[in-house]
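Have the sequence and the fold open as you go.

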Amino acid sequence: MPRWLRDNALTVTMFGAFLVFLVLQSVFGWQTHNEELAEFGAAPTSWAAYLGSGHFMESVFENWESEFLQMGGYVLLTASAGRRSRSRSPPNTRTPATDGRHRQAGTRSRLAKQTLYGLPTYSP
């Protein structure tokens, strides 16, 4: 595997998934649009013509709007809940010298840096 691909595996995977889902949304939206046109007796449009239509643009931006709204709400609620829980947490009384688990945590974090959901990642 080329180094560039290994270093950017997560980015390549996410952009690939984005393109696949966008194409699927366009195909299914095109079919729905042609069914709506057939109900009114109009001629169906080609897929290329559908990609430039307002119906496709509207469906894509409605989908993105709802996703950004959900993600924004999730981020705000998570930040709010995290801030509240930190103030109520008991103080950490363990010291690294008395805690025998600190060596295992180093091994786990090194493994976590090497793989992310089974995808190889770059670790300097």
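Which helices each supply at least two residues of the lining of the largest pocket? Helix 2 and helix 4 do. You are looking at a predicted model, in which local features need pLDDT of at least 70, side-chain atom pairs count only at pLDDT 80 or more, and totals for chains, interfaces and linings use all residues. Residues are numbered from 1 along each chain as its sequence is written, and side-chain values use heavy atoms, with hydrogens and water left out.

**Overall picture**
- The protein has five helices and two strands, in the order α-α-α-α-α-β-β along the sequence; helices (H or I, at least four residues) and strands (E, at least two) are DSSP runs numbered from the N terminus.
- Of its 124 residues, 10% count as buried, meaning under 20% relative accessible area, with exposed over 50% and partly exposed in between (1.4 Å probe, protein chains only).
- Among contacts (heavy atoms within 4.5 Å) between residues at least 6 apart in sequence, 41% join residues at least 24 apart.
- The accessible surface is about 10,400 Å², and 66% of this belongs to carbon and sulfur atoms, by the Shrake-Rupley method with a 1.4 Å probe.

**The largest pocket**
- About 250 Å³ of space lies in this pocket, where volume is the space filled by probe spheres set on the grid points, joined across faces, edges and corners.
- A pocket here is an open set of points on a 1 Å grid over the protein atoms alone, where a 1.4 Å probe fits, with protein on both sides within 12 Å along at least five of seven lines; lining residues have an atom within 4 Å of a point.
- Its lining consists of Phe18, Phe21, Leu22, Gln25, Asn63, Trp64, Glu67 and Phe68.
- By class, that lining has five nonpolar, two polar and one charged residues.

**Aromatic pairs**
- There are three aromatic pairs, counted when ring centres of Phe, Tyr and Trp (its six-membered ring) lie within 6.5 Å; planes under 30 degrees apart are stacked, over 60 edge-to-face and the rest tilted.
- Phe61 and Trp64 have ring centres 5.4 Å apart and planes at 90°, so they are edge-to-face.
- Ring pairs link Phe18, Phe61 and Trp64 into a cluster.
- Trp64 is partly exposed, at 34% relative accessibility.

**Asparagine 34**
- Asn34 sits in helix 2 (residues 9-39) and is buried, at 14% relative accessible area.
- Beyond neighbours within four places in sequence, Asn34 is in contact with Pro44 and Thr45.

Conventions. Nonpolar A, V, L, I, M, F, W, Y, C, P; charged D, E, K, R; others polar.
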